[in-house]
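Colleague: Hi! Could you walk me through this one while I have it open?
Modeller: Happy to, ask away.

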Amino acid sequence: MTITAPIDEPEYETLAQETHGKVLRPGDDGYDEARSIWNAMIDREPAVIVRPTGAADVMTAVEFARDRDLPLSVKGGGHNVAGNAICDNGLTIDLSSISSVRVDPSSRTARVGPGATMADLDHETQAFGLATPGGVISTTGVAGVTLGGGIGWLSRKYGLSIDNLRSVDVVTADGELVTANEDENPDLFWAIRGGSGNFGIITSFEFDLHEVGPQVLFGPIVYPYEDAPDVLARYEEFTRGAPRECTVWANSVAAPPLPFLPEAIHGTTVLILMGFYAGDLDVGNAVLEPLREYGDPIADAVEPMRYTEVQSLLDELYAEGARNYWKAPNFTALTEETIDTVIDSAERSPTPQSEVLIHQVGGAVNDVASDATAYPHRDTEYIVTVGARWEDPAKDDECIAWVRECHDALAEGATGGTYVNFEGDREGRERNAYGENYDRLVESKNEYDPENRFQLNQNVKPAD
């Protein structure tokens with residue numbers, strides 16, 4: 001599918017008249033803002049951007065793109081590292097205006113718009129002492145996080161975002177609005193839970209909520225990097241037996257200029273264990289104590305804090321405007337060889353902002369069968385994200401090469417799978433992302449998007 005010609009003036013005017021929300025072209029006020037996303041590597045120029053106010057506008061935009069054979073992309077929070085939200089010379093649907101969150105505390109559910117961020121969702125749910133698993137950066141869009149699976153601090157206790165999804169409203173490739181859940185369109189509901197944006201545009205999510213907070217235990221324990229081999233071995237042992245209320249991530253990164261860190265170590269490589277506990281705070285302190293008392297940490301800033309504060313605490317370190325490229329293999333265990341590779345990779349980091357981050361998964365995530373949803377990686381205990389972050393475009397080749405080299409070096413101990421939301425390349429990794437569920441996803445693609453209108457994603461291509 002290729003664009004044949006720019007949108008002419010009469011067509012643009014027709015689209016603008018039929019759309020309740022804003023319709024933007026290059027040169028219009030707000031156009032550049034609407035096409036900018038979190039990853040500064042992505043600089044694409046859609047022929048037109050539609051900012052819907054509801055499902056009707058989404059349906060109109062999908063039909064407009066289909067009738068003119070235009071490339072089509074969908075922007076929720078715009079936080080995807082591969083830049084799937086924006087297309088060149090086509091139509092981008094920017095859902096940021098549909099960001100409402102409505103909580104029903106009696107049923108412990110939330111109805112969420114596709115433009116909502118994690119900050120929007122957490123703000124509303126925490127007013128009732130409730131939450132659902134999602135991303136760990138507050139500016140991340142709920143839609144993108146959920147469609148790829150949805151891993152966060154609460155996942156070991158309550159599963160992925162998709163495991164807490166009750167129902168969705170979806171605009172399909174033919175411009176129709178349908179509901180998908182376990183009873184209505186169950187095949188579509190199966191596919192969108194981990195199948196990324198391949199099957200339609202979600203205009204409403206309904207989630208289950210759980211009692212969380214308002215305070216949880218959270219914070220970093222920082223070690224000198226020469227201690228990393230011993231600490232990571234202890235980390236692997238600790239996480240194997242940790243209760244589900246506890247999640248610990250391990251980050252090899254240059255020490256940021258945080259007030260609790262000595263100035264002398266700012267910019268030097270350190271190992272940071274980020275500890276999280278959702279439950280009784282005294283019990284949480286006892287659970288985390290083996291990590292806090294081990295070795296000779298530079299700093300220990302684990303403390304009670306509001307869950308909403310936890311969800312936004314890392315925002316500044318991952319702010320919009322830098323260039324980013326990631327790869328993230330899955331692991332069932334952290335062997336000595338894998339730990340050595342993590343340490344070697346971090347020591348060769350091309351920029352101070354780059355990192356090798358180990359995400360602890362497991363727990364409730366792995367209670368679900370691998371074929372129960374499109375997300376297949378139900379044996380994963382750890383995800384190792386090799387993430388380059390930089391500002392100077394002249395460093396693009398160096399940073400991308402470092403990520404790929406580290407990824408290849410980690411491959412021997414990995415499962416071969418990858419978490420789709422952490423994949424920096426848009427093409428070539430679909431089998432790794434969707435695993436043994438790929439062929440069933442092709443069947444769903446044939447039914448719901450046989451012309452592959454929704455292809456700006458880790459694409460599931462329909463059968464010929």
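Colleague: Where does Pro214 lie?
Modeller: Pro214 is in the loop between strand S11 (210–211) and strand S12 (215–224). Keep in mind as we go that this is a predicted model.

Colleague: And what is the peptide bond from Gly213 to Pro214, cis or trans?
Modeller: The bond from Gly213 to Pro214 is cis, and its omega is near 10°. For background, most peptide bonds are trans.

Colleague: Okay, backbone angles next. What is phi of Asn89 near?
Modeller: Phi of Asn89 is near 60°, which is a positive value in a residue other than glycine. In general, most residues other than glycine have a negative phi. Asn89 is placed in the loop between strand S3 (72–75) and strand S4 (91–94), and Asn89 is partly exposed, with a relative accessible area of 43%.

Colleague: What about phi of Arg108?
Modeller: Arg108 also has a positive phi, near 55°, and is a residue other than glycine. Look for Arg108 in the loop between strand S5 (101–104) and strand S6 (109–112). The relative accessible area of Arg108 is 36%, so Arg108 counts as partly exposed.

Colleague: Let's do a loop residue I had marked. Where does Thr268 lie?
Modeller: Thr268 sits in the loop between strand S13 (246–254) and strand S14 (269–277). With a relative accessible area of 35%, Thr268 is partly exposed.

Colleague: Which residues is Thr268 in contact with, leaving aside neighbours within four places in sequence?
Modeller: With those neighbours left aside, the contacts of Thr268 are Val253, Ala254 and Ala255. As for Ala299, 31 residues apart from Thr268 along the chain, the C-alpha atoms of the two are separated by 14 Å.

Colleague: Switching to Phe205. Is Phe205 buried or exposed?
Modeller: Phe205 has a relative accessible area of 0%; the cut-off for buried is under 20%, so Phe205 is buried. You'll find Phe205 in strand S10 (residues 201–208).

Colleague: What is Phe205 in contact with, apart from neighbours within four places in sequence?
Modeller: Leaving those neighbours aside, the contacts of Phe205 include Ala110, Arg111, Val112, Pro114, Leu147, Leu165 and Val168. Ala143, Thr146 and Ser167 are also among the contacts of Phe205.

Colleague: How many Å apart are Phe205 and Glu423 in space?
Modeller: They are 24 Å apart, C-alpha to C-alpha, and 218 residues apart in sequence.

Colleague: Now the core. Which residues touch the most other members of the largest nonpolar core?
Modeller: Those are Leu232, Tyr235, Leu271, Leu273 and Ile358, out of the 41 residues in that core. Helix H12 gives this core its largest share, six residues.

Colleague: Pick Leu271. What is Leu271 in contact with, beyond four places in sequence?
Modeller: Setting aside neighbours within four places, the contacts of Leu271 include Ile221, Val222, Tyr223, Tyr225, Ala228, Val231 and Leu232. Ala250, Asn251 and Ser252 are among the contacts of Leu271 too. Apart from this core lies another, of 40 residues, among them Trp249, Ala278, Trp326 and Phe422.

Colleague: On to helices. At what angle do H11 and H12 cross?
Modeller: The axes of helix H11 (residues 336–347) and helix H12 (residues 396–410) cross at roughly 170° and come within 10 Å. That makes H11 roughly antiparallel to H12. Thr338, Thr341, Val342 and Ser345 of H11 make the contact with Trp402, Cys406, Ala409 and Leu410 of H12. By class, the residues of this contact are five nonpolar, three polar and no charged.

Colleague: And how do H8 and H11 pack?
Modeller: Helix H8 (residues 228–241) packs with H11 at an angle of about 135°, their axes being 10 Å apart. H8 and H11 are therefore oblique to each other. Ala228, Pro229, Leu232 and Ala233 of H8 meet Ile339, Val342 and Ile343 of H11 in this contact, which has seven nonpolar, no polar and no charged residues.

Colleague: Last one: which residues make the contact of H1 with H3?
Modeller: Helix H1 (residues 9–18) and helix H3 (residues 55–67) pack at about 160°, with axes 10 Å apart, and are therefore roughly antiparallel. Their contact is made by Glu11, Leu15 and Glu18 of H1 and Asp57, Thr60 and Phe64 of H3. Those residues divide into two nonpolar, one polar and three charged.

Terms used:
Residues are numbered from 1 along each chain as its sequence is written. This is a predicted model: local features need pLDDT of at least 70, side-chain atom pairs count only at pLDDT 80 or more; totals for chains, interfaces and linings use all residues. Side-chain values use heavy atoms; hydrogens and water are left out. Axes are lines fitted to C-alpha atoms, for helices over the stretch in contact, and angles run from 0 to 180 degrees between N-to-C directions. Helices (H or I, at least four residues) and strands (E, at least two) are DSSP runs, numbered from the N terminus. Angles under 35 degrees count as roughly parallel, over 145 as roughly antiparallel, 65 to 115 as roughly perpendicular and the rest as oblique. Contact means heavy atoms within 4.5 Å. Ala, Val, Leu, Ile, Met, Phe, Trp, Tyr, Cys and Pro count as nonpolar, Asp, Glu, Lys and Arg as charged, and the others, Gly among them, as polar. A nonpolar core is a set of buried Ala, Val, Leu, Ile, Met, Phe, Trp, Tyr and Cys residues joined through side-chain atoms within 4.5 Å. Buried means under 20% relative accessible area, exposed over 50%, partly exposed in between (1.4 Å probe, protein chains only).
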